[in-house]
Every structure is written in C-alpha cells, then in structure tokens.
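Welcome! Take a moment to look over the fold below, and then we will walk through its inside together.

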Amino acid sequence: EKANMASSTKAADIQSRESLLSENRRLQTERKVFLQTIESQQRTIAVLTAKLEAKFPGSGTPKSSSSPPAETAAKATDPQDGNGKPPAVVVTVSDVGAGESKVPEENSGNAVEKKEKEEESLEDFTSKLDEEIALQYLKQGAFFIKFNQGNDKSSRKFVWLSKSILRTELFWKSQGKQRKSAILSQITAVLKGKETKPFNRPSAAEVSKDRCFSLLIGGGNSLDLVAESPRIRDEWVACMQFLIKPSSP
C-alpha cells in the first residue's frame with residue numbers, strides 16, 4: 001500500500017512539473033507575441049503621428065489643454081489590439097474625486113481668458129475630427145469615476161475603445177475586477193452634465209457637472225462618468241458623438 005501511495009505521489013509530482021513547464025512555455029509564447037505586437041504598434045503610431053501632425057501642426061496628437069498632473073502613473077498594456085484589452089499607453093492621472101482648485105478672485109479675469117482659449121481650442125479640435133482621429137483618441141483610454149445605476153456608489157475605472165474586424169466596443173475596468181463592455185452600435189446618445197439618475201444621488205452632489213457625461217445604452221442603461229477635467233470630458237463627448245452619429249445616405 002505504501003508503495004502504491006509513493007508511486008501515486010511521484011506520478012502527481014511529475015504531472016505537476018509537466019503542467020508548470022507547459023504553463024511556462026505558454027507564457028514565453030505570449031511574451032514573444034506581445035513584443036512583436038508592441039513593435040507593430042510603434043510603427044503604426046509613427047504613421048498615425050505623422051497624419052495627426054498634418055491636422056494638428058506642432059503637436060503630433062490632439063492634446064488636452066488641461067493635462068492631468070504627474071502624481072500617479074498607471075500603465076496598461078495591449079498584447080493584441082481588438083481583443084478589448086487596455087491599450088499600450090502610460091496614462092498620468094490625478095484622483096478624479098479630488099476637489100477642484102479655487103481661482104482667487106483677483107485672478108478671475110485670467111480664468112475667463114483661459115476658459116475662452118480652451119473653448120477656441122476645443123472648437124479647433126472638433127472641427128478637424130474624422131473617424132480615424134476619434135478612434136485613435138478613444139483607444140488611448142482615460143480614467144474616470146463611474147457612478148453605479150443600482151446604488152449610491154462610485155468607483156474609478158479605466159475606459160477605452162477597442163476596434164476589431166467584427167465590431168467596435170467600449171470597455172471599462174477597475175483593477176482586479178472583470179472588465180465590462182458595450183458595443184458601440186448599442187450606444188444611442190451622449191449627454192453632457194448630470195442628466196441621468198445616478199448623478200442625482202447624494203454621492204454625486206459635490207461633483208461639478210462640467211466634468212460629467214453619460215452614454216445611453218440600449219435597454220434603458222447608461223454609463224455615467226466623471227472626467228478628470230472639463231476639457232477631457234468635452235473631448236470624449238466630441239469623439240463619441242462623432243462615432244455614433246448616423247451615417248450620411
């Protein structure tokens with residue numbers, strides 16, 4: 001009996017080692033594919049940067065005028081674009097839930113002038129939008145605070161767009177949790193401000209409406225998000241509205 005138990009234990013050890021070796025080979029293969037994909041993406045980025053430079057001289061990409069502070073760096077990698085995984089970019093963000101800074105009264109004139117410049121810049125951004133630019137902008141992804149529909153809770157999500165041969169999807173995900181998604185064709189409208197029920201709850205009372213927007217999804221659902229700044233909100237709204245608008249006959 002002891003001999004049989006020893007034999008069984010030995011067989012289990014061998015099977016375990018073989019399983020580990022198999023897993024290691026799989027990971028090595030995935031790593032190789034990942035590196036090849038990164039190289040391919042870098043070449044694609046170079047091409048897209050050249051195209052964007054032609055539309056946005058001096059920048060290479062349509063940048064937000066209110067870039068978030070470099071306090072927190074969050075990395076997300078995309079081994080295979082089109083599979084709905086976060087894109088291979090480094091996004092620098094601050095806590096979206098933090099209160100907005102106050103502008104001293106004596107600087108109110110400068111604040112008005114800055115706002116006017118931002119509005120002019122946003123008009124320039126939207127006037128040059130096409131499908132390729134809108135897709136690439138949203139594929140970069142951004143962090144938002146998402147308010148729940150069923151309760152008075154909110155959580156920080158990374159939201160990004162992914163386009164494959166079959167379809168285009170919007171994904172959102174919190175660290176350590178399963179991602180969720182909505183097919184782009186299911187998104188029926190984009191609303192600025194606090195126009196949906198989740199934004200009328202006490203937990204959203206202190207959030208500026210200038211950073212809020214909602215994506216209406218078929219079936220009576222909505223994705224209710226708070227951006228890091230009004231400018232980021234406006235750029236996402238512009239790109240989403242561009243992509244979901246009805247095609248001309």
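Which residues have the most contacts inside the largest nonpolar core? In this predicted model, they are Leu-138, Phe-144, Leu-170, Phe-213, Leu-215 and Trp-236, and the core as a whole has 32 residues. Helix α4, which spans residues 230-244, gives the largest share of this core, with seven residues. There is also a second, separate core of seven residues, and among its members are Ile-145, Phe-147, Phe-199 and Cys-212.

Now let us turn to the aromatic rings. The structure holds seven aromatic pairs. One of them joins Phe-144 and Phe-213, and it counts as edge-to-face because the planes of the two rings stand at 75°, with the centres 5.7 Å apart. This pair links distant parts of the chain: Phe-144 belongs to strand β3 (residues 142-147) and Phe-213 to strand β8 (residues 212-217), 69 residues apart. Phe-144 is buried, with a relative accessible area of 0%. Phe-213 is buried as well, at 0% relative accessibility.

Phe-144 also forms an edge-to-face pair with Trp-236, with 5.0 Å from centre to centre and 80° between the planes. Here strand β3 is linked to helix α4, since Phe-144 and Trp-236 are 92 residues apart in the chain. Trp-236 counts as buried because its relative accessibility is 2%, and the cut-off for buried is under 20%.

Elsewhere, Phe-143, Phe-158, Trp-160 and Phe-171 form one aromatic cluster. Arg-156 lies over the face of Phe-143, at 4.2 Å from the ring centre.

Is strand β3 largely enclosed or largely open? Six of its six residues are buried, so strand β3 is largely enclosed by the rest of the structure. In a regular strand the side chains alternate between the two faces of the sheet. You can follow this along β3: Ala-142, Phe-144 and Lys-146 point one way, while Phe-143, Ile-145 and Phe-147 point the other way.

Which strands pair with β3? The antiparallel strand β4 (residues 154-163) is joined to β3 by six bridges, and the two form a hairpin with six residues between them. Strand β9 (residues 221-226) also runs antiparallel to β3, with three bridges joining them. Another hairpin is made by β5 and β6, again with six residues between the strands, and Gly-176 in its turn has a positive phi of about 80°. Strands β5 (residues 168-173) and β6 (residues 180-183) pair in the antiparallel sense over four bridges.

The table shows residues that stand opposite each other in these pairings.

| Residue | Stands opposite | Strand of the opposite residue |
|---|---|---|
| Phe-147 | Ser-154 | β4 |
| Lys-146 | Leu-225 | β9 |
| Phe-171 | Ser-181 | β6 |

**A buried threonine**

Finally, where is Thr-196? Thr-196 sits in the loop between β7 (187-192) and β8. Thr-196 counts as buried, at 9% relative accessibility. Its side chain makes a polar contact with the side chain of Ser-214 at 3.1 Å, and another with the side chain of Asp-224 at 2.5 Å. Leaving aside neighbours within four places in sequence, Thr-196 is in contact with Leu-191, Ser-214, Leu-216, Ser-222 and Asp-224.

Note on methods. Residues are numbered from 1 along each chain as its sequence is written. This is a predicted model: local features need pLDDT of at least 70, side-chain atom pairs count only at pLDDT 80 or more; totals for chains, interfaces and linings use all residues. Side-chain values use heavy atoms; hydrogens and water are left out. A nonpolar core is a set of buried Ala, Val, Leu, Ile, Met, Phe, Trp, Tyr and Cys residues joined through side-chain atoms within 4.5 Å. Buried means under 20% relative accessible area, exposed over 50%, partly exposed in between (1.4 Å probe, protein chains only). Rings of Phe, Tyr and Trp (its six-membered ring) pair if their centres lie within 6.5 Å; planes under 30 degrees apart count as stacked, over 60 as edge-to-face and the rest as tilted. A charge sits over a ring if NZ of Lys or CZ of Arg is within 6 Å of the ring centre and within 35 degrees of the ring normal. A polar contact is a pair of N or O atoms within 3.5 Å; within protein, one must be able to donate a hydrogen and the other to accept it, and residues adjacent in sequence count only if both atoms are side-chain atoms. Contact means heavy atoms within 4.5 Å. Two strands pair if DSSP finds at least two bridges between them.
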